Amino acid sequence: SHIPKVVILGAGYGGLMAAKRLQKELNYNEADVTLVSKHEYHYFTTHLHMPAAGTDKLENSYVEITKLIDEFKIDFVKSTVQEIRPEEKKVVLEDGALSYDYLIIGLGGEPETFGIPGLAEHAMTIRSINSVKAIREHIEEQFKLFKQDQTRVDRLTFVVGGAGFTGIEFVGELADRIPELCREHNIDRSLVKIYNIEAAPTALPGFDPKLVDYAMKVLQDKGVTFKIATAIKECTPEGVLLATEEEIKSATVVWTGGVRGNRLIEQAGFEAMRGRVKVDEHLRAPGHDNVFIIGDNSLMINTAIDRPYPPTAQMAMQQGPVAASNIVASIRKQPLKTFTFQNKGTVASLGKGQAIGVVGNTKLTGFMAAQLKKVIDIRWLFIIGGISLALRKGKFF
Ligand code: FAD
C-alpha cells in the first residue's frame with residue numbers, strides 16, 4: 001500500500017516545530033517525512049540583530065538541523081526550493097523535485113522595499129546568517145576606512161530604515177557596539193551618528209505609547225537620533241534622501257522597514273497578500289486540503305481587533321505543531337484541530353540590560369523586561385535542543 005509522503009518546506013520556527021511533532025506522533029511506516037531547507041542549520045531570526053551589530057557571536061544564532069531532528073524518522077534535504085506546484089503535488093528544488101501527498105509551507109519572510117528606489121540595490125537587510133555576517137563586517141570596515149580618510153564622515157554615519165521591532169532591536173545593539181568600535185579604532189564617539197528613520201507616525205507601531213516613549217528615551221540616551229513620520233524617498237550609493245528633501249550621507253543603510261512572505265507563495269498561484277495566505281482554521285490553504293501554510297507565510301485575522309496578527313516567531317512555533325497534528329489526523333481520517341493563537345507576550349530588546357515588554361496586561365521595562373527576553377530565547381533553545389543546547393548557546397548573563 002502507498003505510504004503518504006509529507007514534505008515540509010523551511011526549517012524555521014514553524015517548519016522545525018512541525019517536523020518535531022511529526023516525528024513524535026507518526027507511527028512506524030505511517031508516512032515518509034522530508035524536511036527541506038536552504039541551509040544545513042536552523043537559525044534564530046529573533047536573535048539576528050545581535051550578530052548583525054557584533055554584540056554577540058554568530059555561532060550563538062544557529063544550530064545544525066540534524067542535531068535537532070531524528071534522522072531515522074525525518075529525511076533532511078539541504079536544498080533551495082524554486083517552485084511549488086500545488087496542482088501537480090510537487091515541489092521543484094535547485095537540484096531535483098519532490099512529490100508529496102501533504103505539504104507544509106514555512107519558508108518565512110523576505111524584505112519588502114515598497115518600491116522605494118535604490119533600497120534593494122544599496123541597503124542591507126537582516127534576514128539570514130549570511131546577511132548579518134555581511135552587515136557586521138561592513139560596519140567594522142567603515143571604522144578602518146575612516147582612519148584612512150578622515151574627511152569621509154559618512155563612513156561613521158549609520159542609517160537604519162524602519163523603527164519597528166527589528167529596527168529598534170538592531171539600533172539598540174548598534175548603539176552598544178559603537179563605543180567599543182570607537183575605542184578599538186581610537187575614534188571620537190561624537191563623530192559617529194546613528195539615525196533611525198520611520199515613515200509611520202510612531203516608532204514600534206502597535207506597542208503601548210508609554211513603552212514606545214520609554215524605548216525611544218533609552219535609545220536617544222545611547223546616541224540614537226530618531227526621525228519619525230519621515231519617509232525614505234530614495235536610497236543611493238551615497239546614503240538616503242528623505243521625503244523632507246533632507247539628504248543623509250551614509251555608507252551604511254540597513255533596511256528593516258518591511259517584511260513580506262516568500263515570493264514563491266504567489267508564484268505557486270495561492271491567493272496571497274504580500275506573500276501571506278489567509279489560511280482556514282486548520283491552517284490549510286483555501287482550496288487545498290493537503291497544503292498547510294504556517295508562520296510568516298500565513299495570514300490569520302485577530303478577530304478581537306479585526307486585523308491580521310503580525311508575523312512572529314511565536315505565531316510560527318504555535319502553528320507548526322498544529323499543522324503537523326492535522327496532517328496526522330488527515331492520514332488517519334480523524335477530525336482536524338482548530339488553531340487558536342495564544343499570545344504569550346512580546347518583548348523588544350533595547351541593547352544590554354534594557355527592553356520593553358507586554359505580558360497579558362502587564363507592561364515591563366528595563367532589567368525585568370531584558371531578563372524576560374533572555375528567558376524567551378533560552379526557552380526556544382530548550383524546546384528544540386534540550387538542556388544541552390540551552391547551556392551551549394543560551395546567554396544566561
Ligand atoms: P523563518 O524562521 O524565517 O524560517 C524560514 C526558513 O525557510 C529558513 O530556515 C530559511 O532558510 C528557509 N528558506 C527560505 N527560503 C527558502 C527556499 N527557497 N528554499 C529552502 N528553504 C528556504 N518574532 C517574535 O515572535 N519575537 C521576536 O522577538 C522577534 N524578533 C525578531 C528580530 C529580528 C531581527 C527579526 C528579523 C525578526 C524577529 N521576529 C520576532 C520575527 C520572526 O523572526 C519571524 O516571524 C519568524 O522567524 C517566522 O518563522 P517562520 O518559521 O515562518 O520562518
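Which of the 32 residues around the ligand come nearest? In this predicted model, they are G10, G12, G108, G295 and T312, a residue being near a molecule if its C-beta atom, placed from the backbone, lies within 6 Å of it. Helix 1 (13-25), strand 2 (32-37), helix 5 (165-185) and helix 8 (313-331) are the elements that give two or more residues to this shell. Helices (H or I, at least four residues) and strands (E, at least two) are DSSP runs, numbered from the N terminus. Residues are numbered from 1 along each chain as its sequence is written. Local features need pLDDT of at least 70 and side-chain atom pairs count only at pLDDT 80 or more, whereas totals for chains, interfaces and linings use all residues.

The chain is divided into domain 1 (5-111 + 260-344) and domain 2 (119-256), with bounds from an automatic or database domain assignment. Both domains give residues to the shell around the ligand, so the ligand lies between them. The centres of the two domains, taken over C-alpha atoms, are separated by 32 Å. Contacts (C-beta atoms, placed from the backbone, within 7 Å) involve 15 residues of domain 1 and 20 residues of domain 2. On the side of domain 1 that touches domain 2, helix 2 (49-53) and strand 10 (109-111) each supply at least two residues, and the largest share, five residues, comes from helix 2.

Nine helices and 28 strands are present in the chain. The C-alpha trace spans about 75 × 40 × 40 Å along its principal axes. Among contacts between residues at least 6 apart in sequence, 65% join residues at least 24 apart.

Terms used
Two residues are in contact if their C-beta atoms, placed from the backbone, lie within 7 Å.
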